[in-house]
Amino acid sequence: MKEEKSHIVELFKNEYFVQWIVTPSEESNHYWEKWITSHPDRKPDVERARYLISSASYMIDDRMPDEKYDTILQNIVNHGLANKQRSLKPSYFPYWVAASLILIALIASWFVWQDNQHAATIQMITKQTLAGQKLTVNLPDGSTVMLNSESKISYPDNFNSQRDLTLEGEAFFNVAKDAQHPFTITSGEVKTKVVGTSFNVRAYHEDAEYSIAVVTGRVEVSDEHGNHGLLHPDIKGVFSKAEHQLLTSTYNSDMELGWRDGILMFEEAELKDVLERLERWYGVAITVEDEKMLTGTYTGTYQNASLEVVLNGISLAINWDYVINDKQIIIRKTK
């Protein structure tokens, strides 16, 4: 009961949550739907808070003292849940809702009387890279994110109550320490949670695996299938999408983190994967004349190399030939 009240109050106090209910946008819908997916146990609290807030004129005033604001919110939840507990019949729930709505309306009136209020706004920020691009992003809490090619992050314009963001693609995170506000990254089915640390997340939608490689600190990882693990420096966790498994192991630093320094490394990589990575790395489209040529693997390492240098190296090892026409590459058999 106490925990339930605390959770609802927490949502009332989250201006981004309130703004999402009052004036939802495509970005805020995306953010909160992801959040609910990552926190399924909080869905009942979200539904209760959504019902109350969406039925009242709810406004936020920055000048209200935090202590008074917390007290009012706590009273709302105490009153509502007390009535709910006294009744075992679902039909009494509307009385709790009605009582809570009256109190919320009073709060809204008080805000209006202050004559200096403004509607809270949630601004979701999206940063994205195209193929062949990299980008460093400074977050509101002092953390930094380096995005690899064809990657995207979305996050609120400040981290007042929560430090949550979504990632598609690959990024290296250097997270500022804040024990009171854990930093959470949602990447498809996988959630990564830290307090202050540095690590790499690789989560391209088309890849068969998601991986998290830890450099410093500890990283807590989990997925929607109940897998859970605590990763330490020099350890990476790999989530298999097909098998719904989490495996941990040590990792090669150049393989997992070298992209930040222009290191392109292949280790017994399937040729199909090699070409897909070259497309993403150099922002080109590669066509293979005969799919049978994709049989086998390739091992090699390059640093700050041009596409021609890499293609020459692969051609020598695989006995390929290639033609470059601007951004179009054709792989063909050696004549």
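Which residues have the most contacts inside the largest nonpolar core? The views below start there, and they come from a predicted model.

**View 1. The largest nonpolar core brings together 30 residues.** Leu 278, Tyr 282, Val 310, Ile 314, Trp 320 and Ile 331 are the ones with the most contacts inside this core. At least two core residues come from each of strand S14 (263-270), H8, strand S15 (285-288), strand S16 (297-303), H9, strand S17 (320-325) and strand S18 (328-333). H8 gives the largest share, 6 residues.

**View 2. Leu 278 and its surroundings.** Setting aside neighbours within four places in sequence, Leu 278 is in contact with Leu 264, Phe 266, Gly 283, Val 284, Ile 286, Val 310, Leu 311 and Ile 314.

**View 3. Helix H8 (residues 271-282) packs with helix H9 (residues 307-318).** Their axes lie 12 Å apart at an angle of about 170°, so the two helices, H8 and H9, are roughly antiparallel. On the H8 side, the contact is made by Leu 271, Val 274, Leu 278 and Tyr 282, and H9 answers with Leu 307, Val 310, Leu 311, Ile 314 and Ile 318. By class, you will find 9 nonpolar residues here, with no polar and no charged ones.

**View 4. Thr 129 sits in the loop between strand S1 (124-128) and strand S2 (135-138).** Thr 129 counts as buried because its relative accessibility is 3%. A polar atom of its side chain lies 2.6 Å from the backbone oxygen of Asn 148, and the Thr 129 side chain also reaches the backbone nitrogen of Glu 150 at 3.3 Å. Beyond residues up to four places away in sequence, Thr 129 touches several residues, including Lys 134, Leu 135, Leu 147 and Ser 151.

Key:
Residues numbered from 1 in each chain as written. Predicted model: local features only at pLDDT ≥ 70, side-chain atom pairs only at ≥ 80, totals over all residues. Heavy atoms only, no water. Helix = DSSP H or I, 4+ residues; strand = E, 2+ residues; numbered from the N terminus. Buried < 20%, exposed > 50% of the residue type's maximum accessible area, 1.4 Å probe, protein only. Polar contact = N/O pair within 3.5 Å; in protein donor to acceptor, adjacent residues only side chain to side chain. Contact = heavy atoms within 4.5 Å. Axes fitted to C-alpha atoms, helices over the stretch in contact; angles between N-to-C directions. Parallel < 35°, antiparallel > 145°, perpendicular 65-115°, else oblique. Nonpolar A, V, L, I, M, F, W, Y, C, P; charged D, E, K, R; others polar. Core = buried A, V, L, I, M, F, W, Y, C linked by side-chain atoms within 4.5 Å.
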